[in-house]
Every structure is written in C-alpha cells, then in structure tokens.
Amino acid sequence: MKDKTIDLKPVAKIVSEYGRDYEPNLIAILQETQDVYGYLPKTVMKEISKLTDVPLTRIFGVVTFYSQFTLTPRGKHAIKICNGTACHVRGVDEIKEKVKEHLNVVEGETTADYKFTLETVACIGTCFLAPVMMVDDRYFGKLTTDTVTDIVKEYSN
Amino acid sequence: MLNRLKSYDDLLAMRKSGNKKLKKDKVKVSICMTGCRALGAQEVYEEFSKQVKKQKLQDKIEVVETGCQGLCARAPVMTIDPPDAPSIFYGRVTVDIVPDVISSTILKGEVIKKLCYAEAGKKIPYLKDIPFYSRQNKIVLRNCGIIDPNSIEQYIGRKGYDAFAKALFEFDPERIISEITSSGIRGRGGAGFPTGLKWGFCRKAKGDIKYLICNADEGDPGAFMDRAILEGDPHAVIEGMLIAARAIGSEKGFVYVRAEYPIAVNHLRNAIAQAKKLNLLGNNILGSGFNFDLEIKMGAGAFVCGEETALIASIEGKRGMPRPRPPFPANSGLWNQPTNINNVETLANIPVIIAEGADWYKQLGTKNGSGTKIFALAGNVKNTGLVEVPMGTTLREIIFDIGGGVPGRHGFKAAQMGGPSGGCVPEEHLDLPIDYESVKAVGAIMGSGGLIVMDNDTSMVDISRYFMEFVQEESCGKCVPCRVGTRKMLDILTRITKGEGCRSDIEDLKEMANVTQSASLCGLGQTAPNPVLSTIRYFMNEYEALIK
C-alpha cells in the first residue's frame, strides 16, 4: 500500500551516476539509496534491479548480509550504542537498559513516533571514552545513566 | 592554491613553502578534532578561534585542528607550542577556560595547574616530562596530532611524499621489495605475514592488471589505531600505497574503510582529492610516467570483511563471504586479478622504512618483529589512548609506566590482547617482551593491537561469553564448524554465566574449540575459540566457581 506512493526518481538519478559499471558499485548504490529513503523499500529494490540488470535475489542477498542495510523505516535519529570490549567492561549494559526504558523499544526497533531507532554496534573505535554511544554522527562518551537520560531528552524535543 | 607538481623539483619547492607554514614564529595551539570531539573539542576550537579574532591575536596565535594526540583519557586535549619554550599539554579543556588559557598561558607564560596532567599528586605541565609521551617512540604516529590532517602542504612540509619520490626515481621495484623484506616488517592487521614477501608474490604473479587494497575495515572491538591514522595523517597511508603500487606494478588501488568511521572517511576523501590536484595521484605522477589511481570503498557493517577474500567479495559488490585459499589473492584476487592487501598501520610504516632505510628500521624491535606497534589502550587503565612502542616492550611498561596503572581499588587482573581472535594475558606474564611469537606462546595474539585492561572486578567467564557472542553474530554462516561451533560454545558459556553449567561443560567447550579452530574456512572461525581457551587456561577457577 504505502510502497505505491514512493517516488522512484531519486533511484534513477543515483544509478545513472555509476555509468554502466553497476555490479561492483551495488553496495555504494544501495548505501546512497538508503540515505535518501531512510531504508530500502521493496519497490525501490525492484527499481534498482530493473535499472541495473542485477537480479533482485542478489540485491536482497546483499541487503540482508550487511548490518548497515534495513528493510523497514527508521526513526529520525539513530542511536547506536557501542557494544565493544571496553564499553562492556565499563558497564554499557546499564546504559543500554536506561535507553531502552526511556524509548520503550529493544535493540533494532524504532519508536512508535518514528523519532528514534535503537541499534547496537560492535565497536565505534572510541574505546577511551567508554561507555560510548552515537546519535546520528555525533559521539557521546563517558556515559552515565544520568547523562544518557539528558541526551535522549535533548533529542526528543 | 594547489598546483600540479610536474617534477621532483616542484615537490621540493612545495616542501619549502609548506615548511614555512610550520615555522614557529607564532604560538601554535593544536586541538585534537577527532576522537576528542565526543567530549566537546569542536566547541573549544570554535571558542578559541573566536577569541583570537576578537582580541586581534592572529599574528601571535595559530590555532590548528589536528588528529589524535594519544592521551585520550584527558579529552578534550590541546598542546600549546610557544616559539621558544617547551610544549605545554592541557587536558579536559572547556569552553569557559579558553579566555584564561589565552591571557595567562599564551600571553604571560603562566601554566594553569588544573588543566595539567597529574601523576602521584604532582602536576606535569610540559609534554616532554609526561611519562605517557616520553616513553613512547612515535614512528607511525609521527605526524598524528601535530599536523592538520586536511593540509597536504603541512604533510609535504614535514618531508611528506619524499620517500615515495625516492622509491620512484632512485629505486626500481625489486629494490623497493628487497628493502621492505630486509626491514623485517610484518603485517600489522593481525596475522603478521612478512610484508616484503607478500609484495614479491604479487609482483611475480602473471596478470595485466594488478590491484592494491588498503584494508581499513578495522572491526576488532577495542582497536582504534587505524581510525586514528586515517583521521590524523591520511597522507601517510596514501604515500605507503603509492610505494606499494610501484613495487608490485599496480595502477589501481582501493581503500576499504568502515562506514562507522565518518571522520576517517571524510579526511581520507579530502586527502585523495588534494593528492589528485597535485598530481601525486593520477597519470604521469611527478613527470615519471608512473600512474596510480585511488578509490574509496565503504564497508556496510560486516566484521568478516576484514578477512582478505571476504573483503574482495565485498568490493566486487557481493555478500562478503570468504572463500578457500589457494588461490591466494596475490595470484587471483579482485576480479580474478593479482591483488595485494595491506593493513592501514602497515602502509603507514612504509614511507619511514624507505626514507630511513631497512637497517635503521631493524634496530627497532626484536628478532621476530621489527619496528614499532601501536596499541589501543582501554578498559580499566588510567591513561586510555594510543601508545606506540618498539616491539619487545613489556606489558608492564605499557600498562603501568605509560598507561599509569589500574585505577580504583581492585587491581590488575588480565590484559585482553587481539580482540575476539586473541586471549587474556594474566599478571604472571606482565614482564614478557611483546612480539608476534611471544604473545602467541602465552595463548593470545598480537592481533591488530587492541589492549583492554581488566581489573579484579571483571568476570573472565563473562568476557569469554562476550567475545563468543560477538563472533557468533558475525560468523557469515558459510562453513559449518564456525556457524555451529560458535553457536554451541555460546550456548554453553551463557548457561555457565547463569549458574546453570554442568561438569561436562568444560570438556565439551575444549572439544568444540578444537574442531572450530582446525576445521573453519577462514581466520574468523579459526581464531574464534581463542578467548575461551585462554580464559580456561588461566582462570579455570572462575569457571569452576560458577559451575559448582
């Protein structure tokens, strides 16, 4: 239902930028497409397949292999909580629980108002700031249950 | 203005002008604008620039955005370099204190005590006196935290691209390879394969097109040196790639970088654009007839893509799954052409080896590993950050002398080395000189250099379960031993941590670890049991206490 209203023009534009060299650039095409739509709707993947001649099964295979791609709509802000070793040792689990409690979602889910999507990542490479999380492209380090509450509240408004 | 460099003389002229920019006639204020951004470096930088302008101090003060300065525990950090006095290091700098830093430290030469690094209750204002810095030997991180990573002029001003010019005009490819081989450098990404040998295989391989790939898919949780190099000194990696390309005979390179590192991608992209403008990348480089083009490929979130053959599949636009070797990438890699893959830190070493010579490089380190290694120091340790030391340095020196020891009352228990492929090193091995072989002998691996310090409050069974959960999630599922083995081991470990373990669990774990190790297709599965085996080896009592 919802898919029918999706504007497919951006897909054509993205694909056309890659000349005829589609296969090796499939991941880049999918990354750019996801940046535009926020996720990868079925009709969009079908359109990519049509334009590039890459079979839809292969596109689906790539999309489901890499953790960056998503088949469902995302929230306005992505909260990525680091699950790296240093963060684990420094008690990130408590932080994660607090965020879950505030947003009322579990990992991988999006809030009902589409404001936030909660994700965990293996390591964002800022171990010296553990425990760490990212909201969109911004880092927040040395988190406590208090500071994380403030951050979530700040982005809620 | 960046003009094309048509010859070596043009490069030398540019070095002169770049050098002028680095000349200390002003007070240089270097602010880390990479990792420190997480704690407000951006705001501090903006305030500093605003104040300098407002107080009309542009002739006196130069504010420089740099990469990582190493002592991340004190973030946000800044270094103040007066023209005729030693450098002052400040940490935990806030926006409010910026006017004070200008009026007291820069204009009057007075040190602000509360911003200084402290050890044993004593404030240490000068960078050269801080043990964290004075005990390091920065070869790879030579420019990191000193130059503006977005300025190719500053890089060239510090003799950047000079080693490449030497490799281009003075050495033939065989000579480059023999220099790298005799330097004894081994891959810094984890496996420790001799770099010169690898290049030689690719040079000798038959093929019209040869590819060069920089593996910047730094996925080990707890390792962040490659991120810091790319963010703080991206041209060093490009220069290393240019030398490697000339050695193996490649005209096309890729940098495969994690999408989770936005600043690194940004700085690298900018560096490539600048190098192209100067014709340090492209056709007929420096008028020599040598061509090399470089492209960034972004990863999409898959740990297994750090494995060579999986990484190649990913660049080809496929699911990043490994394949059996042989054929090795040196003979049949990207699009079935001979391909050479090196890690970021390895490539950043190359210009130094060519510039200073293999004999000089060999003096650093041990018989089994020459040169330095960067460790990412994190966990329960005072001075978290990046540490570069010669191979053969002991863990005690890194963790206690440089790292400042374990804070709190619990005390040191173990150091986790090598991430999910590595193991835990207990107190009894703290005095072990670290190199590839010695670390392996005690059940861990050098790996990419992640070093997580754990205090006595840490449960080693929980750590073992944590790593198993990580590799189980990241296992691509292609081969059975890894797919099923990691799942089964995780089930057992989870049961034990919940206090529901049974007596046969340890034997089952060991047996499954053995099979997964010997029968998995790629490095991910082959090393996945290491954290379990090393914790069983040194901390069996903790398993027993939970099973009882």
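# Terms and values in a two-chain model

Biologist: The loop between β2 and β3 of chain B holds B:Cys68. What kind of model is this?

Modeller: This is a predicted model, in which local features need pLDDT of at least 70 and side-chain atom pairs count only at pLDDT 80 or more, while totals for chains, interfaces and linings use all residues. Residues are numbered from 1 along each chain as its sequence is written, and chains are lettered from A and ligands numbered from 1 in the order in which they are written. Strands (E, at least two residues) and helices (H or I, at least four) are DSSP runs numbered from the N terminus.

Biologist: Why does B:Cys68 count as buried?

Modeller: A residue is buried if 20 or more other C-beta atoms, placed from the backbone, lie within 10 Å of its own, exposed if 12 or fewer, and partly exposed in between. B:Cys68 has 28 such neighbours inside 10 Å, so it counts as buried. Leaving out residues up to four places away in sequence, B:Cys68 touches residues including B:Cys32, B:Cys144, B:Glu231 and B:Leu386. A touch, or contact, needs C-beta atoms, placed from the backbone, within 7 Å. B:Arg483 is 415 residues from B:Cys68 along the chain, and their C-alpha atoms are separated by 38 Å.

Biologist: What makes B:Lys276 partly exposed?

Modeller: Its count is 15 other C-beta atoms within 10 Å, and therefore B:Lys276 falls in the middle class. B:Lys276 is found in α11 (residues 262-277) of chain B. Not counting residues up to four places away in sequence, B:Lys276 touches B:Leu281 and B:Gly282. The C-alpha atoms of B:Lys276 and B:Asp293, 17 residues apart along the chain, are separated by 8.5 Å.

Biologist: How do you know that α13 of chain B is largely enclosed by the rest of the structure?

Modeller: Of the 13 residues of α13(B), 344-356, 11 are buried, so the helix is described as largely enclosed. Among the buried ones are B:Val344, B:Glu345, B:Leu347, B:Asn349 and B:Ile354. After α13(B) comes B:Gly357, with a positive phi near 95°.

Biologist: Why do β2 and β4 of chain B stand at the edges?

Modeller: They belong to an open sheet of 4 strands with mixed pairing, in the order β2-β1-β3-β4 of chain B. β2 (61-66) and β4 (88-90) each have a single partner strand, so one side of each has no neighbour in the sheet. The twist averages 20° from one strand to the next. β3(B), residues 78-81, pairs with β4(B) over 3 bridges in the antiparallel sense. B:Met78 has B:Tyr90 of β4(B) as its bridge partner.

Biologist: Why are α2(B) and α3(B) called oblique to each other?

Modeller: The axes of α2 (residues 41-54) and α3 (residues 98-108) of chain B come within 9 Å and cross at roughly 50°. Axes are lines fitted to C-alpha atoms, for helices over the stretch in contact, and angles run from 0 to 180 degrees between N-to-C directions. Angles under 35 degrees count as roughly parallel, over 145 as roughly antiparallel, 65 to 115 as roughly perpendicular and the rest as oblique. The two helices are therefore oblique. The contact is made by B:Val44, B:Glu47, B:Phe48 and B:Gln51 of α2(B) with B:Val98, B:Pro99 and B:Ile102 of α3(B).

Biologist: How many residues of chain B are in contact with chain A?

Modeller: 42 residues of chain B are in contact with 34 residues of chain A. β11(B) gives the largest share of that side of chain B, 3 residues.

Biologist: What is chain A built from?

Modeller: Chain A has 7 helices and 4 strands. Its C-alpha trace spans about 50 × 30 × 25 Å along the principal axes. Of the 157 residues in chain A, 37% are buried.

How values were computed: Contact = placed C-beta atoms within 7 Å. Pairing = 2+ DSSP bridges.
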